[in-house]
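Thanks for coming. I will go through one model today, from overall content down to single side chains.

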Protein chains: 2
Amino acid sequence: MAYRKTPAELSRLEAARERLVACATTVVAEVGWAQASVTAVADAAGIAAGSVYQHFPSKAALAVEVFRRAAGREVEVLGQVVHGSGDPVERLESAVRVFARRALENRGLAHALLAAPAEPAVGAERLVFRRRYRELFAEVVREGMAAGLLPPQDGEITAAALTGAVGEVLVDPLAAHDADATDVLLAELTAMALRCAGARPGRRPSARSPRTP
Amino acid sequence: MAYRKTPAELSRLEAARERLVACATTVVAEVGWAQASVTAVADAAGIAAGSVYQHFPSKAALAVEVFRRAAGREVEVLGQVVHGSGDPVERLESAVRVFARRALENRGLAHALLAAPAEPAVGAERLVFRRRYRELFAEVVREGMAAGLLPPQDGEITAAALTGAVGEVLVDPLAAHDADATDVLLAELTAMALRCAGARPGRRPSARSPRTP
DNA sequence: ACAAGAAGTGAACCATCATTCATCCCTTCA
DNA sequence: TGAAGGGATGAATGATGGTTCACTTCTTGT
């Protein structure tokens with residue numbers, strides 16, 4: 001009799017689950033949470049609707065997993081920048097640039113993570129991750145104040161403002177889509193962010209084309 | 001026979017419609033769009049669910065009307081401040097303070113207008129009004145630049161950032177609710193906004209308690 | 001006061017999905 | 001090879017909530 005154990009069969013299960021999460025992420029990035037029905041997601045993954053429940057107890061659980069994975073990646077990347085090298089102001093500038101660039105590279109996903117209407121479970125998760133974004137920005141702002149590079153301010157509020165500001169600029173169809181316009185947008189955004197935190201202007205003119213990580 | 005004409009009966013109809021919109025606004029401010037079912041709204045207005053369709057062809061139409069009224073009031077008030085007296089920087093500061101204060105005074109409504117998940121029709125309307133907010137901020141930023149009070153920048157981007165920043169700070173449960181904390185929050189917010197637009201600091205120390213319209 | 005017409009009612013209707021489950025099929029082990 | 005244990009299936013189920021409509025109630029003008 002075939003007992004419930006399976007040597008490499010488990011990996012097939014795990015792979016199917018991963019594939020499901022990946023496909024669901026794609027669907028959500030393309031059509032938003034509201035249009036991402038269980039059927040649509042299952043179709044995209046090439047499985048039946050019922051099979052989704054082999055991997056997740058509910059649609060909400062799948063949605064939360066999708067959100068956590070995607071948002072976690074962003075927080076991870078942002079954390080690397082914020083905790084990287086350079087003075088606090090440089091790191092703040094890099095953080096905003098990286099945050100914005102990644103969002104511009106995958107607008108659909110950025111919209112889903114930051115703004116798209118979603119079920120309550122995802123909304124709650126969104127608040128959690130927004131706070132993480134904010135905490136990262138707040139850290140570097142506080143460091144900048146401690147180093148005397150930024151004027152006294154409430155780091156939390158500045159951080160919240162930066163999160164909201166970048167999101168607002170990115171989310172609705174304001175900027176063009178060609179690479180040149182993207183560079184200009186990034187330059188304006190980072191300049192705005194530095195002003196917002198009170199960094200003294202006129203350090204570097206915020207170079208356009210050369211690669212600035 | 002009573003023909004379809006009605007002298008003062010029309011006003012009763014109009015009053016009922018107004019009452020419906022007002023009650024729906026209250027419900028939305030209290031429980032959000034998602035929980036504001038036709039039944040709930042009708043109950044709040046003291047009418048039957050079916051009667052809603054005497055005044056609006058669909059729930060979406062009612063929702064859009066509710067949104068337009070409320071958001072229109074905000075745009076109106078903001079426009080008065082932006083087109084009021086004082087130098088551009090003063091008007092920018094006032095605009096942010098008024099925007100934020102009004103939102104703090106009615107958090108539920110602010111959340112509904114700025115962030116709460118909503119049906120597509122309301123989402124579309126939200127984009128329209130966000131653009132109006134932005135245009136107002138952008139105007140005063142451009143004036144500030146023309147007057148040499150603000151450094152060169154993309155007024156649209158700064159305006160979008162201000163809208164997003166204020167929304168972000170206000171919307172999620174960050175700030176306390178007592179009057180004192182509100183004053184501090186408003187002071188920090190306006191200071192952040194002035195930095196964000198690049199206004200030279202140190203003009204007025206942004207008084208706390210005295211009434212600053 | 002009465003008839004006609006409009007507004008109000010709320011239970012029934014219908015569409016949309018998430019979820020379930022009887023069944024099928026594939027893999028595993030004797 | 002064959003039987004058994006689970007994953008996979010997808011049509012049926014159920015819940016939710018917007019919308020409709022046959023009927024009641026109210027107002028109006030004769």
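What follows is a short tour of the fold, the core, the rings and the cysteines.

First, the ground rules. This is a predicted model, so local features need pLDDT of at least 70 and side-chain atom pairs count only at pLDDT 80 or more, while totals for chains, interfaces and linings use all residues. Residues are numbered from 1 along each chain as its sequence is written, chains are lettered from A and ligands numbered from 1 in the order in which they are written, and side-chain values use heavy atoms, with hydrogens and water left out.

Chain A, then. It has nine helices and zero strands; helices (H or I, at least four residues) and strands (E, at least two) are DSSP runs, numbered from the N terminus. Of the 213 residues of chain A, 46% count as buried, where buried means under 20% relative accessible area, exposed over 50%, and partly exposed in between, with a 1.4 Å probe and protein chains only. Chain A exposes about 10400 Å², and carbon and sulfur atoms supply 56% of that area; the method is Shrake-Rupley with a 1.4 Å probe, and for residues only the protein chains shown count as cover. Taking contacts in chain A between residues at least 6 apart in sequence, 69% join residues at least 24 apart. Contact means heavy atoms within 4.5 Å.

Next, the core. Which residues touch the most other members of the largest nonpolar core? They are W33, L62 and F137, in chain A and again in chain B, out of 136 residues. A nonpolar core here is a set of buried Ala, Val, Leu, Ile, Met, Phe, Trp, Tyr and Cys residues joined through side-chain atoms within 4.5 Å. Leaving aside residues up to four places away in sequence, F137(A) touches L78(A), L92(A), A95(A), V96(A), F99(A), A159(A), L162(A) and T163(A).

Now the rings. Over all chains there are eight aromatic pairs. Rings of Phe, Tyr and Trp (its six-membered ring) pair if their centres lie within 6.5 Å; planes under 30 degrees apart count as stacked, over 60 as edge-to-face and the rest as tilted. F67(A) and F129(A) make an edge-to-face pair, 5.7 Å centre to centre with 70° between the planes. That pair links distant parts of the chain, with F67(A) in helix α4 (residues 59–82) and F129(A) in helix α7 (residues 120–146), 62 residues apart. F67(A) is buried, at a relative accessible area of 2%, and F129(A) is buried too, at 4%. In chain B, the F99(B) and F137(B) rings have centres 6.1 Å apart and planes at 50°, so the pair is tilted. F99(B) sits in helix α5 (residues 88–105) and F137(B) in helix α7 (residues 120–146), 38 residues apart.

Back in chain A, ring pairs join W33(A), F67(A) and F129(A) into a cluster. R132(A) lies over the face of F129(A), 4.6 Å from the ring centre. For that call, NZ of Lys or CZ of Arg must be within 6 Å of the ring centre and within 35 degrees of the ring normal.

Last, the cysteines. How many disulfides does a search of the whole structure find? Zero, over all chains, with a disulfide taken as a pair of cysteine sulfur atoms within 2.5 Å. C196(B) is in no disulfide, and the nearest cysteine sulfur, that of C196(A), is 4.4 Å away. C196(B) counts as buried, at 2% relative accessibility.
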